Amino acid sequence: MGLGNYFKDIKAGLTSAFEGMSISLASLFVRPVTVQYPDVDVKSDEAMRENYNGPLRGMPDNYRGLLDVDLEICISCKLCEKACPIDCILIEDVKIDKKQIVGRNGKSTMKMKSPIQFDIDNSKCMFCGLCVDPCPTGAIVHTNEFEFNRSDRSQLISRFVKADDRAQLKVRGAEIAIEDAKAKAEKAAKKKAEAEAKAKEEEEASKDQSEAKGTKE
Amino acid sequence: MDILIQTIGDIINADLGSPLAAFIALLLVSLAILGFMSLTAGGLSFIERRVAGRMQSRIGPNRVGPQGILQFMADGLKCAQKEDLIPDGADRLLFKLAPVLCFIGVFGTFAVLPWGNGFFASELNVGLLYLMSVTSLVVIGMLMAGWSSNNKWSLLGGMRSAAQMVSYEIPVALSLLPVILLCGSLSFKELIGAQGAMPWDWNILNSPFTFISFFIFFLAALAEGNRTPFDIPEGESELVAGYCTEYSGLRFVFFFFAEWANLYVIGAVAAAVFLGGGHLPFGLESDIVSLLVFFAKSFFMVFIIIWLRWTLPRFRVDQMMTLCWKTLIPLSFVMLFGQAITLLIYHELTFLQSIVSLVLFAICVLVGVKFVSRVLVNIKEQKYKMMHTLTGS
Ligand code: SF4
Ligand code: SF4
């Protein structure tokens, strides 16, 4: 404390105000970063270069916009559904004919099931990206799309499976289920027959044994 | 005789002796001032937002009219359409009166404010005193608004504004005293008349004491006008909107009208009292030119105020009071005393004044050059940062 500090404080205040004022005045002579959004098409680099002279270009690759699902490579493992903290993904699936698919990460996997319903409720989604991380095939990804105001709340739900596909998949799924059931039944029957045969064999064997025992006695 | 009133009296060709004609003339003058004040306040609100935008690397309002210049009209219209709410439990009379008082407090100052060298709405010989007294109406208005709203934020804001403005009126008045000593008058006409055209003839550079007085005046006037860094009565982050939290529609506009017009008042007083009014050197002076020069000076001061607002953070309440009572007031007493002694010395050694003024002027130029160089460095730095950090290249 004391007079020295008093003047020191005044000096510090004046010099920092001096520097601060020079910084804010300088920014008057630097172009604003603002993109005049609806006027300038922010999604294309070309349009940005033409109509906007700030430093930004296009949308960044890691932008977390609306979610998109590639149903071709989705194996319906439901990991994304489980990962979502606010339960805005809804998946229902059926079995399909097995096929080999190649995920976005280059790994190939056997696809055995396919969703017949894959809905994401964008009115709930907070674009956290937690569903994207666990996906084993990279089927679910964020797009650059950020314009999604709709006239009706129900339109905010993205339904990825089309009605036709669903019907087809359902029919095929039912067939597969029947086939499977049949196969299962056959298998079960076979098993049963085998089991019976085995039981018989065993019975005979035990009979033999007991006979052998009897002879021994 | 009152110059503007006279002019208008001439225009309507009436004899100002008759009470009716005088009334009409007065009405016209006040309407003219009202028009000027609303345009200034509106224009300033636009300028402030644009400048603020650019200082934050945004654009600011640019949609209504060319470059958004009509934005203030749109805002005014919008507010005029809003419902005029008076909260339950509010003191209705005081609630309605408060914005009007605030407005009158600022509007009244325009009666004596100079508009150049020869233009005054009325030439009052105690102009400065009148100006300081009439602005204290604003305090009452704010306190009233805070009290009558029946809302804790409003009350806190009103109390803060009362404490702040009452305290800061003291340094404002004290810091004007050295100049009054120097010119020996309270009238704006004579205050301007006592200064010359060149910067070293201005009151601000008369002696180191007037120089520092100018800064004290400027800071204290900022605080009195509730501007950041001293805007604690309406600190948005603490008090919602302070004393005007409960106001809506046109009543709200009145408060902001008063606030922005007050900006111009601060600028004009600083220009008239310290910065040489509307004088121009080399015989270029004429009535119209002095008007323009005066406006230029006032608006430059206004620009500085805006610029300060978007640079400095808000003071804490106790820091504010400390600044006022422990720094500005003692300092302004020292300045008053120092100026009195300086005047005695100047009286004996007349050549000393021009030397001191020139030295002060040289210091100002040096600081200015240093400032400009800092600004240039910062421009370069910001451009570099913008190109290299935002785009990631
Ligand atoms: S982004 Fe987040 S909130 Fe949206 S669906 Fe994926 S996990 Fe759920
Ligand atoms: S995590 Fe990927 S593969 Fe699994 S259900 Fe979701 S989108 Fe399909």
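Over the ring of which residue does the charged end of B:Lys152 sit?

**Close-up 1. A charge over a ring in chain B.** The answer is B:Trp153: the charged end of B:Lys152 sits over its ring, 5.4 Å from the centre. Keep in mind, here and in every view below, that this is a predicted model.

Close-up 2. Look for B:Asn150 in the loop that runs between helix H5 (127–148) and helix H6 (152–183) of chain B. Its phi is near 60°, a positive value in a residue other than glycine. That's worth a second glance, because most residues other than glycine have a negative phi. Is B:Asn150 buried or exposed? With 52% relative accessibility, B:Asn150 counts as exposed.

**Close-up 3. Aromatic pairs around B:Trp307.** Over all chains, the structure holds 26 aromatic pairs. One of them is made by B:Phe303 and B:Trp307, a tilted pair with 5.6 Å from centre to centre and 35° between the planes. Both residues belong to helix H11 (residues 287–309) of chain B, where they are four residues apart, about one turn of the helix. B:Phe303 counts as partly exposed at 22% relative accessibility, whereas B:Trp307 is buried, with a relative accessible area of 7%. B:Trp307 also pairs with B:Phe371: here the ring centres are 5.7 Å apart and the planes stand at 55°, so this pair is tilted too. This second pair links distant parts of the chain, since B:Trp307 is in helix H11 and B:Phe371 is in helix H13 (residues 350–390) of chain B, 64 residues apart. B:Phe371 is buried as well, with a relative accessible area of 15%.

Close-up 4. Which residues do the ring pairs link into a cluster? They are B:Phe211, B:Phe214, B:Phe215, B:Phe217, B:Phe218 and B:Phe274. You'll find B:Ile266 in helix H10 (residues 249–273) of chain B. At 6% relative accessibility, B:Ile266 counts as buried.

**Close-up 5. An open sheet in chain A.** Over in chain A, three strands form an open sheet in the order S2-S3-S5, with antiparallel pairing.

Close-up 6. S2(A) and strand S3 (residues 108–121) of chain A run antiparallel and are joined by 11 bridges. To follow the pairing, start with A:Ile89, whose bridge partner in S3(A) is A:Ile120. Then go to A:Ile101, which stands opposite A:Thr109 in S3(A). Five residues lie between the two strands of this hairpin, and A:Gly106 takes a positive phi near 90°.

Close-up 7. A:Phe127 is buried, with a relative accessible area of 17%.

**Close-up 8. Around ligand 2.** Which residues come nearest to ligand 2? Of the 14 residues around ligand 2, they are A:Cys74, A:Cys77, A:Lys78, A:Cys80 and A:Cys135. The shell around ligand 2 divides into 11 nonpolar residues, two polar and one charged.

How values were computed. Residues numbered from 1 in each chain as written. Chains lettered and ligands numbered in written order. Predicted model: local features only at pLDDT ≥ 70, side-chain atom pairs only at ≥ 80, totals over all residues. Heavy atoms only, no water. Pairing = 2+ DSSP bridges. Phe/Tyr/Trp six-rings, centres within 6.5 Å; stacked < 30°, edge-to-face > 60°. Buried < 20%, exposed > 50% of the residue type's maximum accessible area, 1.4 Å probe, protein only. Lys NZ or Arg CZ within 6 Å of the ring centre and 35° of its normal. Near = heavy atom within 4 Å. Nonpolar A, V, L, I, M, F, W, Y, C, P; charged D, E, K, R; others polar.
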